[in-house]
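This report describes the overall build of one protein and then turns to a single residue within it.

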Amino acid sequence: MRLDIISIFPEYFAPLDVSLIGKARERGTLDVRLHQLRDWTHDVHKTVDDTPYGGGPGMVMKPEVWGEAIDTVIGSGEPRMIVPTPSGRPFTQELAQELAREQWLLFCCGRYEGIDSRVMREYGSRMRVDEVSIGDYVLAGGEVAVLVMVEAIGRLLPGVLGNACSVADDSFAPGAMQNLLEGPVYTKPPVWRGHEVPAVLLSGHHGKVARWRRDEALRRTVANRPELVAAMDPDTLDKHDRRLLDELSFRVEPEDVAN
Ligand code: ADE
(Lines give C-alpha, C1' and ligand atoms only; values in the text may rest on other atoms or scores of the structure.)
Protein backbone atom coordinates (compact mmCIF):
# COMPACT_ATOMS: atom_id res chain seq x y z
CA MET A 1 0.00 0.00 0.00
CA ARG A 2 1.24 3.48 -0.84
CA LEU A 3 0.66 6.24 1.73
CA ASP A 4 1.39 9.90 1.05
CA ILE A 5 1.25 12.34 3.93
CA ILE A 6 1.35 16.11 3.40
CA SER A 7 1.99 18.20 6.52
CA ILE A 8 3.85 21.28 7.74
CA PHE A 9 5.40 18.98 10.38
CA PRO A 10 6.64 15.86 8.59
CA GLU A 11 8.91 15.24 11.60
CA TYR A 12 5.77 14.25 13.56
CA PHE A 13 5.86 10.97 11.65
CA ALA A 14 9.17 9.67 13.00
CA PRO A 15 7.29 6.93 14.92
CA LEU A 16 6.40 5.34 11.57
CA ASP A 17 10.04 4.15 11.45
CA VAL A 18 9.58 1.84 14.44
CA SER A 19 7.79 -1.34 15.44
CA LEU A 20 5.25 -3.08 13.21
CA ILE A 21 4.80 -0.19 10.83
CA GLY A 22 8.57 0.38 10.56
CA LYS A 23 9.06 -3.30 9.71
CA ALA A 24 6.23 -3.21 7.17
CA ARG A 25 7.99 -0.27 5.51
CA GLU A 26 11.33 -2.10 5.46
CA ARG A 27 9.66 -5.11 3.85
CA GLY A 28 7.90 -2.92 1.28
CA THR A 29 4.35 -3.79 2.44
CA LEU A 30 3.92 -0.10 3.20
CA ASP A 31 5.43 2.63 1.03
CA VAL A 32 5.14 5.81 3.16
CA ARG A 33 6.09 9.12 1.53
CA LEU A 34 6.20 12.29 3.63
CA HIS A 35 5.88 15.74 2.08
CA GLN A 36 6.53 19.20 3.53
CA LEU A 37 3.57 21.41 2.53
CA ARG A 38 5.74 24.54 2.71
CA ASP A 39 7.76 23.24 -0.27
CA TRP A 40 4.84 24.42 -2.43
CA THR A 41 4.76 28.02 -1.11
CA HIS A 42 6.31 30.83 -3.17
CA ASP A 43 6.91 33.61 -0.63
CA VAL A 44 9.93 34.12 1.62
CA HIS A 45 7.88 33.40 4.73
CA LYS A 46 6.56 30.13 3.26
CA THR A 47 3.04 31.16 4.24
CA VAL A 48 0.42 28.41 4.37
CA ASP A 49 -2.45 30.21 6.13
CA ASP A 50 -4.54 33.37 6.02
CA THR A 51 -7.41 35.00 7.95
CA PRO A 52 -10.87 33.42 7.62
CA TYR A 53 -13.52 35.03 5.41
CA GLY A 54 -16.47 36.05 7.56
CA GLY A 55 -14.19 36.81 10.50
CA GLY A 56 -13.60 34.79 13.61
CA PRO A 57 -10.56 33.51 15.44
CA GLY A 58 -7.67 31.54 14.01
CA MET A 59 -6.32 31.06 10.53
CA VAL A 60 -7.33 28.93 7.56
CA MET A 61 -4.93 27.02 5.31
CA LYS A 62 -4.68 28.51 1.83
CA PRO A 63 -6.15 26.54 -1.07
CA GLU A 64 -3.44 27.42 -3.66
CA VAL A 65 -0.60 25.84 -1.71
CA TRP A 66 -2.65 22.71 -0.97
CA GLY A 67 -3.69 22.49 -4.63
CA GLU A 68 -0.11 22.62 -5.88
CA ALA A 69 1.04 20.12 -3.27
CA ILE A 70 -1.71 17.60 -4.00
CA ASP A 71 -1.38 17.97 -7.80
CA THR A 72 2.35 17.23 -7.59
CA VAL A 73 1.99 14.31 -5.18
CA ILE A 74 -0.80 12.55 -7.08
CA GLY A 75 0.17 13.34 -10.69
CA SER A 76 -2.47 11.68 -12.83
CA GLY A 77 -3.30 9.13 -10.09
CA GLU A 78 -6.42 8.98 -7.94
CA PRO A 79 -5.62 7.99 -4.36
CA ARG A 80 -8.31 7.98 -1.71
CA MET A 81 -7.84 11.27 0.14
CA ILE A 82 -8.28 11.51 3.92
CA VAL A 83 -8.45 14.84 5.71
CA PRO A 84 -8.27 14.56 9.51
CA THR A 85 -10.57 17.04 11.23
CA PRO A 86 -12.69 17.00 14.40
CA SER A 87 -15.70 17.74 12.14
CA GLY A 88 -15.21 14.58 10.08
CA ARG A 89 -16.96 11.20 10.09
CA PRO A 90 -15.83 8.95 12.96
CA PHE A 91 -12.78 6.74 12.45
CA THR A 92 -13.86 3.23 13.43
CA GLN A 93 -12.44 -0.27 13.06
CA GLU A 94 -14.85 -0.71 10.16
CA LEU A 95 -13.42 2.33 8.36
CA ALA A 96 -9.87 1.13 9.14
CA GLN A 97 -10.75 -2.17 7.43
CA GLU A 98 -12.23 -0.40 4.44
CA LEU A 99 -9.14 1.81 4.09
CA ALA A 100 -6.81 -1.20 4.49
CA ARG A 101 -8.29 -2.53 1.23
CA GLU A 102 -7.20 0.58 -0.73
CA GLN A 103 -4.05 0.61 -2.87
CA TRP A 104 -3.16 4.23 -2.23
CA LEU A 105 -4.10 6.72 0.51
CA LEU A 106 -3.28 10.42 0.67
CA PHE A 107 -3.48 12.10 4.09
CA CYS A 108 -3.68 15.90 4.13
CA CYS A 109 -2.93 17.28 7.59
CA GLY A 110 -4.58 20.58 8.44
CA ARG A 111 -3.47 22.87 11.26
CA TYR A 112 -5.10 25.98 12.67
CA GLU A 113 -8.84 26.19 11.88
CA GLY A 114 -8.48 23.77 8.96
CA ILE A 115 -8.03 23.75 5.19
CA ASP A 116 -10.04 26.01 2.85
CA SER A 117 -13.12 23.88 2.04
CA ARG A 118 -12.73 24.31 -1.69
CA VAL A 119 -9.74 21.95 -1.60
CA MET A 120 -11.97 19.06 -0.49
CA ARG A 121 -14.61 20.08 -3.06
CA GLU A 122 -12.04 20.28 -5.89
CA TYR A 123 -10.54 16.83 -5.28
CA GLY A 124 -13.90 15.36 -4.25
CA SER A 125 -15.05 15.77 -7.83
CA ARG A 126 -12.17 13.58 -9.06
CA MET A 127 -11.59 11.04 -6.32
CA ARG A 128 -12.93 9.76 -3.03
CA VAL A 129 -12.35 12.33 -0.25
CA ASP A 130 -13.25 11.70 3.40
CA GLU A 131 -12.96 14.10 6.30
CA VAL A 132 -12.34 11.89 9.32
CA SER A 133 -12.29 12.47 13.09
CA ILE A 134 -10.53 10.14 15.53
CA GLY A 135 -12.67 11.23 18.47
CA ASP A 136 -14.65 13.96 20.16
CA TYR A 137 -11.74 16.13 21.27
CA VAL A 138 -9.69 18.75 19.48
CA LEU A 139 -6.03 18.17 18.68
CA ALA A 140 -3.66 20.94 17.63
CA GLY A 141 -3.53 19.50 14.10
CA GLY A 142 -4.18 16.41 12.04
CA GLU A 143 -0.73 14.82 12.40
CA VAL A 144 -1.42 12.75 15.50
CA ALA A 145 -4.78 11.69 14.07
CA VAL A 146 -2.98 10.43 10.95
CA LEU A 147 -0.50 8.48 13.08
CA VAL A 148 -3.46 6.82 14.79
CA MET A 149 -5.13 5.98 11.49
CA VAL A 150 -1.94 4.70 9.84
CA GLU A 151 -1.26 2.38 12.77
CA ALA A 152 -4.83 1.06 12.82
CA ILE A 153 -4.83 0.53 9.04
CA GLY A 154 -1.23 -0.72 8.78
CA ARG A 155 -1.65 -3.53 11.28
CA LEU A 156 -4.53 -4.91 9.18
CA LEU A 157 -2.39 -5.31 6.05
CA PRO A 158 -1.53 -8.90 5.18
CA GLY A 159 1.70 -10.01 6.86
CA VAL A 160 2.07 -7.01 9.19
CA LEU A 161 0.96 -8.75 12.38
CA GLY A 162 2.75 -11.99 13.24
CA ASN A 163 -0.39 -13.66 14.49
CA ALA A 164 -3.39 -13.27 12.17
CA CYS A 165 -5.73 -14.29 15.01
CA SER A 166 -4.93 -11.16 16.99
CA VAL A 167 -6.75 -9.08 14.36
CA ALA A 168 -9.83 -11.32 14.44
CA ASP A 169 -9.96 -11.08 18.26
CA ASP A 170 -9.85 -7.27 18.36
CA SER A 171 -12.60 -5.67 20.41
CA PHE A 172 -14.27 -4.03 17.42
CA ALA A 173 -13.55 -6.62 14.75
CA PRO A 174 -16.67 -7.93 13.02
CA GLY A 175 -17.39 -11.46 14.17
CA ALA A 176 -15.28 -11.05 17.32
CA MET A 177 -17.38 -11.14 20.47
CA GLN A 178 -19.88 -8.87 18.89
CA ASN A 179 -19.95 -5.40 20.42
CA LEU A 180 -18.04 -6.52 23.52
CA LEU A 181 -14.76 -5.10 24.75
CA GLU A 182 -11.93 -7.53 25.40
CA GLY A 183 -11.65 -8.62 29.02
CA PRO A 184 -8.50 -8.65 31.19
CA VAL A 185 -5.46 -10.73 30.23
CA TYR A 186 -2.76 -12.40 32.35
CA THR A 187 0.61 -14.07 31.91
CA LYS A 188 3.16 -15.75 34.24
CA PRO A 189 3.85 -15.73 37.15
CA PRO A 190 0.60 -17.15 38.63
CA VAL A 191 0.95 -14.91 41.70
CA TRP A 192 2.45 -11.41 41.51
CA ARG A 193 2.65 -9.19 44.62
CA GLY A 194 -0.09 -11.30 46.15
CA HIS A 195 -2.45 -10.91 43.14
CA GLU A 196 -3.51 -14.27 41.74
CA VAL A 197 -4.35 -15.12 38.16
CA PRO A 198 -8.03 -16.27 38.09
CA ALA A 199 -7.94 -20.04 38.71
CA VAL A 200 -10.15 -20.86 35.73
CA LEU A 201 -7.41 -19.68 33.36
CA LEU A 202 -5.03 -22.27 34.83
CA SER A 203 -7.63 -25.05 34.67
CA GLY A 204 -7.04 -26.04 31.04
CA HIS A 205 -10.83 -26.30 30.65
CA HIS A 206 -11.48 -24.55 27.31
CA GLY A 207 -15.25 -24.31 27.73
CA LYS A 208 -14.97 -22.73 31.17
CA VAL A 209 -12.24 -20.36 29.98
CA ALA A 210 -14.42 -19.21 27.07
CA ARG A 211 -17.39 -18.65 29.40
CA TRP A 212 -15.23 -16.75 31.88
CA ARG A 213 -13.83 -14.55 29.08
CA ARG A 214 -17.30 -13.74 27.87
CA ASP A 215 -18.43 -12.86 31.41
CA GLU A 216 -15.44 -10.56 31.89
CA ALA A 217 -16.02 -8.98 28.48
CA LEU A 218 -19.65 -8.32 29.42
CA ARG A 219 -18.66 -6.88 32.83
CA ARG A 220 -16.08 -4.58 31.29
CA THR A 221 -18.40 -3.44 28.53
CA VAL A 222 -21.20 -2.68 31.00
CA ALA A 223 -18.74 -0.68 33.13
CA ASN A 224 -16.95 1.21 30.35
CA ARG A 225 -19.27 1.28 27.34
CA PRO A 226 -22.85 0.54 28.44
CA GLU A 227 -24.18 1.90 25.13
CA LEU A 228 -22.48 -1.02 23.32
CA VAL A 229 -24.33 -3.53 25.48
CA ALA A 230 -27.59 -1.66 24.95
CA ALA A 231 -27.01 -1.89 21.17
CA MET A 232 -26.45 -5.68 21.23
CA ASP A 233 -28.92 -7.90 19.43
CA PRO A 234 -30.85 -9.46 22.37
CA ASP A 235 -30.90 -12.76 20.44
CA THR A 236 -27.13 -13.02 20.91
CA LEU A 237 -27.55 -13.10 24.72
CA ASP A 238 -27.86 -16.53 26.26
CA LYS A 239 -29.37 -17.35 29.68
CA HIS A 240 -26.01 -17.04 31.39
CA ASP A 241 -25.42 -13.59 29.83
CA ARG A 242 -28.86 -12.46 30.96
CA ARG A 243 -28.25 -13.65 34.51
CA LEU A 244 -24.94 -11.81 34.63
CA LEU A 245 -26.44 -8.61 33.23
CA ASP A 246 -29.21 -8.89 35.81
CA GLU A 247 -26.59 -9.19 38.59
CA LEU A 248 -24.96 -6.06 37.16
CA SER A 249 -28.40 -4.35 37.24
CA PHE A 250 -28.20 -3.87 33.48
CA ARG A 251 -31.67 -3.99 31.92
CA VAL A 252 -32.12 -5.89 28.66
CA GLU A 253 -35.23 -6.69 26.69
CA PRO A 254 -36.87 -9.76 28.28
CA GLU A 255 -36.56 -13.04 26.36
CA ASP A 256 -39.50 -14.54 24.42
CA VAL A 257 -41.88 -11.64 24.81
CA ALA A 258 -45.03 -12.17 22.76
CA ASN A 259 -45.59 -9.21 20.44
N1 ADE B 1 -7.59 17.45 14.13
C2 ADE B 1 -7.84 18.04 15.31
N3 ADE B 1 -8.59 17.28 16.09
C4 ADE B 1 -8.84 16.14 15.40
C5 ADE B 1 -9.58 14.97 15.66
N6 ADE B 1 -10.23 14.77 16.80
N7 ADE B 1 -9.63 14.01 14.71
C8 ADE B 1 -9.00 14.20 13.53
N9 ADE B 1 -8.31 15.28 13.23
C10 ADE B 1 -8.22 16.25 14.14
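## Overall build and one buried site

Of the 259 residues of the protein, 41% count as buried, where buried means under 20% relative accessible area, exposed over 50% and partly exposed in between, with a 1.4 Å probe and protein chains only. The model is a predicted one, in which local features need pLDDT of at least 70 and side-chain atom pairs count only at pLDDT 80 or more, while totals for chains, interfaces and linings use all residues. Residues are numbered from 1 along each chain as its sequence is written, and side-chain values use heavy atoms, with hydrogens and water left out.

The protein holds 9 helices and 9 strands, these being DSSP runs of H or I with at least four residues and of E with at least two, numbered from the N terminus. Because its radius of gyration is well over the value from the globule rule, the protein is more spread out than a compact globule; the radius is taken over C-alpha atoms, and the rule is 2.2 Å times the number of residues to the power 0.38.

| Quantity | Value |
|---|---|
| Radius of gyration of the protein | 23 Å |
| Span of the C-alpha trace along its principal axes | about 70 × 50 × 35 Å |

Among contacts with a separation of 6 or more, 72% join residues 24 or more positions apart, a contact meaning heavy atoms within 4.5 Å.

S7 lies in strand 1 (residues 2-7) and is buried, with a relative accessible area of 0%. Leaving aside residues up to four places away in sequence, S7 touches F13, H35, Q36, L37, C109 and E143.
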